[in-house]
Structures are given as structure tokens and as C-alpha cells.
Amino acid sequence: MPTQHRILALVYSEFETLDLFGPLGAIVPRSDYYSLKLVNIHDQDAPNGLESSIKNGIGISPQLSLTEALKQDELFDTLFIPGGFGMIPLLGDPNLLGQIGQLVDRAANVFTVCTGSVLLAATGRLDSRKATTNKRLYDELTSKYPGVQWQKRARWVEDGKFLTSSGVTAGIDAAFAFLSNTYTAPEDRKANPSPQKASANGDATAIPGFSKAKALTYANMTAFELEYRWHQDPSDDPYVEPLSSNNATV
């Protein structure tokens, strides 16, 4: 078992930049524990699968095609799904949703940001689970997936192996929750080299050697180093109500 927590992140045309770079920028660069591979959901081989983002044509070059990610020898611990308007046409592709569902089943942890949870819901894997999504599109999109127990007042929601966050920057708060749920200290990784097992029915599974106290300390330390104030209460969600002249600030 590698001493790394391996993250596969799905990317597609017109994903939301901050949904991807915000959380993963907090999780990956400051640790030798977390590693990242980007997966081209449109199934073009790297490096041809350049995906443009929704913001100013920013592009990234994924390392894997979807076909490559689906191979059984491509091992990973967490599947990450960002949101963005580009996910809307993907909802009508049953073959693609089936392939994403296969990755979901193989993942020990699934982390979505913004409307990434809607793409996850379309696979059927969120049925009977609590989840949240972007507030601005909440009523329009959640009504299409009534099998999910959608939570409107929530910065993020944890249910089983699923961590779903609300819109855009809520994903950064959820990223620190992810760190507090998954980070394993070097000495504990060495003493407990067995991999975390994935549950195909969506249940959470134990991480060998995991210490909640150490993980929470690491999450708070990382937030401090980034000069970020982590909102640790997921119910502290001021974005449920529409912006009006009464609560607008300049």
C-alpha cells in the first residue's frame, strides 16, 4: 500500500475553476500524503484532453482519460467531482453516468463541490443519502433527483463515504473537513500500511491508523498556514437566503 492518499479528480469542459483549485489547493500541495491525478471525463487521452474552465478560458491538462481511470490497476482512495455549468449536458449521458458510477463504487471516499453533487446524484449513488449543492440552482436541480435527501442549509454534508459541499467557496471549508476525516500522520501510516477499503453501497469505512485528534490538528494547522478562517460548523450557511438590499454589504 502506498503511503499516500490518492485522489482522482474528474474534469470536463466548463468546470468551475474555484471548485477544483480551491479545495485541492488546500489539500494537496502541503503534504506528502495526498496525491492527485486529473481525469478527462470526455475520454480523450492525455495530453490532448485539455479542458477549458468556466473562468476566462483557464485550461488544464489531465493525466488520465476516463478509460484509463476505469482500469482496475488504477488505484485511488478518493473521487473528487467539481461543479460547473458544463456538467448539465453530462446529466443526459447514461453511458457516462454508468462509468462515473463505477468509479464511485471503487472509491473509499467521494468529495463533490457545488453542482458536482448533482452529477453524482445522476449516477443513482446518492439515493437515500443526505447531500447539498449550489444554492443558486438548488430548487431547479435537486427536484430532478427526489431520491436524495437534499439539505439546503448546509455548507457541506457528510453521509457515509460521501462529502458534498454547497457552492464554490463552501468547497474550501469542506476541504478542511476532508482533511480532518482522512489525514493520517506519517508514524501511523508506517505502523498501519493496510489500505482503506471501499464500500460499494456508500458506507464510510475506517482508515487504518487514523487519529481524529491528529487529523483535526493537521487541518487547523493547514488552515492557519493559508491564513484561512475555516468555518467548522456546516450549518452556518448564510447563503440559503437570497441576497437582498437588507443583507447586502459593500
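The sheet comes first: 7 strands form an open sheet, in the order 5-2-1-6-7-11-10, with mixed pairing. Strands here are DSSP runs of E with at least two residues, helices are runs of H or I with at least four, and both are numbered from the N terminus. Two strands pair if DSSP finds at least two bridges between them. Strand 5 (64–65) and strand 10 (156–159) stand at the edges with a single partner strand each, so one side of each has no neighbour in the sheet.

Before going on, the basis. This is a predicted model, in which local features need pLDDT of at least 70 and side-chain atom pairs count only at pLDDT 80 or more, while totals for chains, interfaces and linings use all residues. Residues are numbered from 1 along each chain as its sequence is written, and side-chain values use heavy atoms, leaving out hydrogens and water.

Now strand 7, residues 109–112. It runs parallel to strand 6 (residues 78–81), and 4 bridges join the two. Between them the chain passes through helix 3 (residues 94–106), and this β-α-β crossover is right-handed; that is, with the strands pointing away from the viewer, the path from the first strand over the helix to the second runs clockwise. Phe80 stands opposite Phe111 of strand 7, and Leu79 stands opposite Val110. Strand 7 is also joined to strand 11 (residues 162–165), again parallel, by 3 bridges. There, Phe162 is the bridge partner of Val110.

Are the faces of strand 7 covered or open? Both are covered: Asn109 and Phe111 on one side, and Val110 and Thr112 on the other, are all buried. Buried means under 20% relative accessible area, exposed means over 50%, and partly exposed is in between, with a 1.4 Å probe and protein chains only.

Next, the core. A nonpolar core is a set of buried Ala, Val, Leu, Ile, Met, Phe, Trp, Tyr and Cys residues joined through side-chain atoms within 4.5 Å. The largest one has 69 residues, and Leu20, Ile27, Tyr34, Leu79 and Phe111 touch the most other members. Helix 6 (residues 170–182) gives the most to this core, 7 residues.

Take Tyr34. It counts as buried because its relative accessibility is 3%. Beyond four places away in sequence, Tyr34 touches His5, Ile7, Ile27, Val28, Phe178, Leu179, Thr182 and Tyr183, where contact means heavy atoms within 4.5 Å.

That brings up the aromatic pairs. Rings of Phe, Tyr and Trp (its six-membered ring) pair if their centres lie within 6.5 Å; planes under 30 degrees apart count as stacked, over 60 as edge-to-face, and the rest as tilted. How many aromatic pairs are there by this rule? The count is 10. In one of them, Tyr34 and Tyr183 have ring centres 6.5 Å apart and planes at 35°, so the pair is tilted. Tyr34 is in strand 2 (residues 34–40) and Tyr183 in the loop between helix 6 and helix 7, so this pair ties together parts 149 residues apart in sequence. Tyr183 has 10% relative accessibility and therefore counts as buried.

Phe176 and Trp230 form another tilted pair, 5.9 Å centre to centre with 40° between the planes. Phe176 is in helix 6 and Trp230 in the segment after helix 8, 54 residues apart. Both Phe176 and Trp230 are buried.

Finally, ring pairs link Tyr33, Tyr34, Phe80, Phe111, Phe178, Tyr183 and Tyr218 into a cluster.
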